[in-house]
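Please find below some notes for a first look at this model. They are set out as numbered points, to be read beside the structure.

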Amino acid sequence: MTRVLIVVSAADRWTLKDGEVHPSGYWGEELAMPHKIFTRAGWEITIATPGGKVPTLDRLSMSRTAGLPSKLREVARYLDTIQDQLNNPTPLEAIDPDAYDLVFYPGGHGPMEDLATDPVSGALLTRVLHSGKPLALLCHAPAATFAAKNEDGSWPFAGYRMTGLSNFEEKFNRFGRNAIWLLEDRLRASGAEYRKGRLPLRPFMEVDRNLYTGQNPASSELLAKRLVEVLDT
């Protein structure tokens with residue numbers, strides 16, 4: 001059986017450059033839809049968070065601005081079905097990444113707050129990237145890569161083509177203009193070959209070697225289905 005590790009931010013806030021604390025967490029669609037697709041594929045799923053802390057759903061991800069009402073209802077219903085799993089995550093510190101066939105990080109602004117500086121997550125990402133096993137990061141989740149380091153201190157993701165929420169998409173949120181840093185800018189500055197779709201808020205995915213990245217929440221299903229195709233062939 002295919003085993004997948006879903007690493008979720010434990011943050012419940014995003015601290016902005018003027019000190020404002022914006023309530024945050026994981027983005028509902030980015031966790032629910034891939035989890036649903038992986039479950040339908042018959043995969044065994046483990047959810048892990050830093051410290052085993054129960055993750056926080058970003059309420060903005062369930063608001064009218066986050067998607068069509070039918071999609072939001074689907075997401076809410078599915079999250080209800082996995083609430084026991086979400087309430088009892090495995091501590092990330094206890095995870096052996098070699099035990100999994102795929103490691104998947106959903107986004108939300110949470111990763112900008114905690115995973116971007118989490119050394120345990122950074123070490124896991126480095127190990128999985130170098131292992132050749134599929135590693136998938138969605139929307140804001142590539143922020144977690146900034147905690148990753150090779151033994152010589154270099155960034156493991158330098159030179160990789162990857163995507164993530166664009167500057168333009170981030171600034172659709174009024175508070176996004178108050179960010180300490182923007183994901184697209186920092187990925188480029190760190191040495192990634194950042195790519196994005198022609199239209200904002202539309203599904204877009206980038207694949208480079210064993211690294212799979214999705215640009216935004218709308219890319220959740222596209223990314224998850226591609227991973228199923230890869231691992232089930």
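1. Alanine 136 is a residue of strand E7; helices (H or I, at least four residues) and strands (E, at least two) are DSSP runs, numbered from the N terminus. The model is predicted: local features need pLDDT of at least 70, side-chain atom pairs count only at pLDDT 80 or more, and totals for chains, interfaces and linings use all residues. Residues are numbered from 1 along each chain as its sequence is written, and side-chain values use heavy atoms, with hydrogens and water left out.

2. Alanine 136 counts as buried because its relative accessible area is 0%; buried means under 20% relative accessible area, exposed over 50%, and partly exposed in between (1.4 Å probe, protein chains only). Beyond its neighbours within four places in sequence, alanine 136 is in contact (heavy atoms within 4.5 Å) with Leu102, Val103, Phe104, Tyr105, Tyr212, Leu223 and Leu227. From alanine 136 to tyrosine 105 the C-alpha to C-alpha distance is 6.2 Å, with the two 31 residues apart in sequence.

3. Tyrosine 212, in E11, stands opposite valine 207. Strands E10 (residues 205–208) and E11 (residues 211–214) run antiparallel and are joined by four bridges; two strands pair if DSSP finds at least two bridges between them. They form a hairpin with two residues between them, and arginine 209 in the turn has a positive phi of about 55 degrees.

4. Histidine 140 sits in the loop between strand E7 (135–138) and strand E8 (161–162).

5. Serine 24 belongs to the loop between strand E3 (21–23) and helix H1 (28–40). With 2% relative accessibility, serine 24 is buried. Its side chain makes a polar contact with the side chain of aspartate 58 at 3.5 Å. A polar contact is a pair of N or O atoms within 3.5 Å; within protein, one must be able to donate a hydrogen and the other to accept it, and residues adjacent in sequence count only if both atoms are side-chain atoms. Among the residues that serine 24 touches, not counting those up to four places away in sequence, are Asp12, Trp14, Asp58 and His109.
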